[in-house]
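Here is a short briefing on one helix and the core packing around it. Look over the sequence and model first.

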Amino acid sequence: MSLMIVGADNLGSIRDNVRDLGFEEVTHLSGRKKAKFRNFEIPADTDFVLVMTDYINHAVMRKVKNAAKESGVSVIYARRSWSAIYKKLERRAICV
């Protein structure tokens, strides 16, 4: 499985924790620079998009949401804490 993370300047241990859950490929975009989202597209092999809601503005969130709808990718919204992310992934039955 592959995961795209949008938001947060630094992931810290989140990248390692997500890999431990079975995501082989993890892509990260900080969400700070609007220019990177001007022609935003989700890579074709992405299974899920994780949006860190504390570090992203509304315009970028809308672009990510619309791109996910177009490509049929599930979006998970969570704060930048491992416990919040894990709860959201657990609700979606991604991790057991």
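Buried means under 20% relative accessible area, exposed over 50%, and partly exposed in between (1.4 Å probe, protein chains only). Helices (H or I, at least four residues) and strands (E, at least two) are DSSP runs, numbered from the N terminus. This is a predicted model: local features need pLDDT of at least 70, side-chain atom pairs count only at pLDDT 80 or more, and totals for chains, interfaces and linings use all residues. Residues are numbered from 1 along each chain as its sequence is written, and side-chain values use heavy atoms, leaving out hydrogens and water.

**Helix H3**
- Ala84, Ile85 and Leu89 are the buried residues of H3 (residues 82-91).
- They lie on the same side of H3, because they cover an arc of only 130° around the axis (taken from the directions from the helix axis to the C-beta atoms).
- These buried residues pack against helix H1 (14-20), strand E3 (48-52) and strand E4 (74-78).
- Ala93 follows H3 and has a positive phi, near 60°.

**Nonpolar cores**
- A nonpolar core is a set of buried Ala, Val, Leu, Ile, Met, Phe, Trp, Tyr and Cys residues joined through side-chain atoms within 4.5 Å.
- The largest has 16 residues, with the most contacts inside it made by Leu3, Ile5, Phe23, Leu50, Met52 and Ile85.
- Strand E1 (2-6), H1, E3, E4 and H3 each give two or more residues to this core.
- E3 gives the largest share, three residues.
- Another core, of 15 residues, lies apart from it and includes Leu29, Ile56, Val60 and Val73.

**Ala8**
- Ala8 sits in the loop between E1 and H1.
- Its phi is positive, about 70°, although Ala8 is not a glycine.
- Ala8 counts as buried, at 0% relative accessibility.

Technical notes
Contact means heavy atoms within 4.5 Å.
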